[in-house]
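Please walk through the structure shown here, starting with one whole chain and ending where two chains meet.

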Amino acid sequence: MSNAMRQVIDLNTYFGVYPRRNVDYSPEALRRLMEENGVSKAVTVSLKGVLYDHVEGNAETLSECAGDGGLVPAATIDPRKYTGQNAEVEQLKERGFKLVRLFPEFQGWPMSYSPVRSIAKAMQDVNLPLMVNTTAYGSATDLVRMTEGCTFPIILSGVGYWTLSEAVVLMKEKENIFLESSHLDSPDAIETIVGQVGVDRILFGSNAPVTYFRGPYLTVTNSDVSDKDKEMILHWNALRILGSV
Amino acid sequence: MERAEDTRKCVKMRVIDSHAHYGEWFFPIAMSKEEHINRLMDRYGMERAVFSSSLAIVYNMAEGNAELNELVSRSKRFYGYVVLNPNYPELSAQQIERYLGSPKFLGVKVHPDYSRRAVSCRENIELLELARKLKNVALLHTWGDEQVRATSTVADTFPDLTVVMAHMGGDGREGAGWKAGIEAATKRPNVYLEVCGSTLHRDRIREAVEKVGSERILYGSDMTLINPSITIGMVEEAAVSQSDRENILYNNARKVFRF
């Protein structure tokens, strides 16, 4: 492994206010963190959209990312508020969002929640990637069930050692399933995925600033895969899935 | 476009891992053998690591401890904890007597989840009373408020025992475990906080250093279940001083284990 410098796109970041702990999640803190760690693009979402109101949150995300070449907007839809507002979903791409995220870990709904199926159907014509936290046993399986027939990229987030087998099996079954790397915490998780489903299915994410950036980054850069594979995970796969950012 | 520097094998600080495992896991982890452990230790600058047997924790205490004894006997940088199971008090006592006199075993490990018994149950207290006459360190798996209370009970029962609270008390969605762990440690000078985990909130190390002091925080990786990259990255990034990092990664373990 050389000491070459790398380009990095971080698929999993947040900004905003966090009422549950006293932590600085301000956009300035995020920008500083990304700069300190050499991240060229941070795909980010407003916590206002996650914890309060997705309409206001999405507007805040767009506003924060406007004119900042380092921040890429991700939208969110709160299934608890979704009664079939398809037009809202259909407009996300033209408004400039590059990714749609759902947050069962913050909002408490089960993956077998009917609004998830409805949102996925509405997204089929939009063709934006969808990223969902699937930390619990079986939630990735349920997500795939709820998005049956969808062909846009579906990115599993929050997969750790305990759900790695589930993710690998699903990725083998479905070509549109991808994995975000922030919670891949077992010593050879990267090698396992590269070996079993291919390097083009992993995208780097840090989950910062909720958790530390550097651990997930070292997990990728120190893994026993080729330099070219690391570049794919850190940069090129995200470019391919998100389009130009 | 800015780019990040590759940091592989660039860990500049010395590291002692106070929470490592040897054995297999019921997860897709192939990197569990001695050669892999050596590779991970080299990669992250680990001088020494203290292991407990996953076999002993999860299934068969005696078989696992024996397997670990073979491992630590083979390498100068490997050390062990004797795993105890309070459901087998007599056999646990035998394990203490068999291994804890060895200079390669530095303490005991108790994991309540697999035995389904609190670390503060009567049998564990009796076993710790026996063990501390030989080695005065106990690594207690601790995850969540209830287990923090149990670990605190052990610390109160044996004020001279060095109680290493694994995972700093654990996680919980918003860090309820590690916050309770820090609170417990502030009141008990014999409690050390060990830092490993999967989802590591970025305020946990700073808060522990501010409230407990870096002198009572121990680095642990949880390898081979968890990649040391996760916790090494956390300590490197934490908003604490360089001397705090050195205490956490190395100095404190030297004192606790008398290296």
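Two residues are in contact if their C-beta atoms, placed from the backbone, lie within 7 Å. By that rule, among contacts in chain B between residues at least 6 apart in sequence, 77% join residues at least 24 apart.

This is a predicted model, in which local features need pLDDT of at least 70 and side-chain atom pairs count only at pLDDT 80 or more, while totals for chains, interfaces and linings use all residues. Residues are numbered from 1 along each chain as its sequence is written, and chains are lettered from A and ligands numbered from 1 in the order in which they are written.

Chain B holds 11 helices and 9 strands; helices (H or I, at least four residues) and strands (E, at least two) are DSSP runs, numbered from the N terminus. Its radius of gyration, taken over C-alpha atoms, is 17 Å, close to the 18 Å that the globule rule (2.2 Å times the number of residues to the power 0.38) gives for 259 residues, so chain B is as compact as a globular protein of that length. Of those 259 residues, 57% count as buried, meaning that 20 or more other C-beta atoms lie within 10 Å of the residue's own, with C-beta atoms placed from the backbone.

E7(B) runs parallel to E8(B), joined by 3 bridges, and Val163(B) stands opposite Val191(B). E8(B) also pairs with strand E9 (residues 217-218) of chain B in the parallel sense, over 2 bridges; pairing takes at least two DSSP bridges. Here Leu193(B) stands opposite Ile217(B). From E8(B) the chain crosses through helix H9 (residues 204-211) to E9(B), a right-handed β-α-β crossover.

Helix H7 (residues 145-157) of chain B has 13 residues.

Finally, 38 residues of chain A are in contact with 37 residues of chain B. Strand E1 (5-6), helix H8 (164-173) and helix H10 (214-221) of chain A each supply at least two residues of the side that touches chain B. H10(A) gives the most, with 6 residues.

Methods:
The expected span of a helix is 1.5 Å times one less than its number of residues. A crossover is right-handed if, with the strands pointing away from the viewer, the path from the first strand over the helix to the second runs clockwise. A residue is buried if 20 or more other C-beta atoms lie within 10 Å of its own, exposed if 12 or fewer, and partly exposed in between; C-beta atoms are placed from the backbone.
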